Amino acid sequence: AGWLDTCARCCRAMERQATEIPRIVHFTKTDAEFTFMNFVVVLATKKYLKPHTIYMHIFGMSRFRGCWWSLIQPHVQLRFFSYSGYLNGLYVPYPEHISDIIRIVVMAQRGGIYMDLDSLPVRPFGDLWSKELVLGRQAHGAITSAVFMAKPGSCFTCVLEQQVFSTYDGGWVSAGPALVDHLLETVRCFPEATVLGSWAFFAFDFRGNIPFRGLFEKRRDSFSMLDKSYALHLYDTRTRPYQAMLTWRWAMGSQSAVAIAIRDVFTDRTLFHALPRVNGTDFLRNICPAVTSVQKDVRLPES
């Protein structure tokens, strides 16, 4: 009954809202290291999604480390998430759960798109903006929240917020992707949901059916499913060895699918008007001659 009451309130509010999902993007981060891949994901978001605002919601720190944050900072609005560390009377021990809580709250309140900082957009999201709620399946079938879109105050995000704050028990099923999958697959009272196949955001199966390593070892033309994917989700516990490969030097020299997708981001010169000048490397100057000195010098790492 509580779910149905929440749905009714949310649906009445939705009737008064705009017809499209707002063009704002939310990221969350619970550690201070801002990597090259984080930089590329935000830049790709700006290129392909063309949002009005990109929010970076952070918890437990005051600033990021590293030159990549210095480069992208002009394009991002920081939001500090105030949180006691406890939920439903329990201490929340996992950064992943804190990230889950942040994304649920901001999506319920503001709507837009939430994306993990390892989800690389590879093309515009087209008519997905006109939907009410969009999520995707992983290759093994589960629905996940690593990438999802919603109008503010949607029935689903309201119920999701209500459930995570009232039923969190410290386990993985009571927060995040497992809860999302449970609500959509078991409860099934959200007809507004558009659930896309794994091709949309999770074309590669981390469990081995479509080996993830192929993205790093084979050319893009080896994977026909990439022709229709909106984004590539690039992280799982099984892919950690590949994360160390994601440096700017590797991305500029490799012919793999991921490296080519990264280089595609840098073909739009209009993205770089607000980027600081880069000293000591030919990274941005070679791939985008339009880069000029704008704010301050930033020295990139050697790798």
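Reply: Helix α2 is mostly covered, since 13 of its 14 residues are buried, where buried means under 20% relative accessible area, exposed over 50%, and partly exposed in between, with a 1.4 Å probe and protein chains only as cover. This is a predicted model, in which local features need pLDDT of at least 70 and side-chain atom pairs count only at pLDDT 80 or more, while totals for chains, interfaces and linings use all residues. Residues are numbered from 1 along each chain as its sequence is written, and side-chain values use heavy atoms, with hydrogens and water left out.

The chain holds eleven helices and 13 strands; helices (H or I, at least four residues) and strands (E, at least two) are DSSP runs, numbered from the N terminus. Of the 303 residues in the chain, 53% are buried.

Helix α2 covers residues 36-49, and at 1.5 Å a residue its 14 residues should span 20 Å, which agrees with its end C-alpha atoms being 20 Å apart. The expected span is 1.5 Å times one less than the number of residues. After α2 comes K50, whose phi is positive, near 45°.

Now to the partner. Two packed helices are described by the angle between their axes and the distance between the axes. Helix α2 packs with helix α10 (residues 257-265) at an angle of about 55°, and their axes are 9 Å apart; axes are lines fitted to C-alpha atoms, for helices over the stretch in contact, and angles run from 0 to 180 degrees between N-to-C directions. The two helices, α2 and α10, are therefore oblique to each other, because angles under 35 degrees count as roughly parallel, over 145 as roughly antiparallel, 65 to 115 as roughly perpendicular, and the rest as oblique. The crossing of α2 and α10 is left-handed, meaning that the near helix is turned anticlockwise from the far one by less than a right angle, whereas clockwise would be right-handed.

On the α2 side, the contact is made by F36, M37, V40, L43, A44, K47 and Y48, and on the α10 side by I262, D264 and V265; contact means heavy atoms within 4.5 Å.

Another pair can be set beside this one. The axes of helix α4 (residues 95-110) and helix α5 (residues 155-167) come within 9 Å and cross at roughly 140°, and the crossing of α4 and α5 is left-handed.
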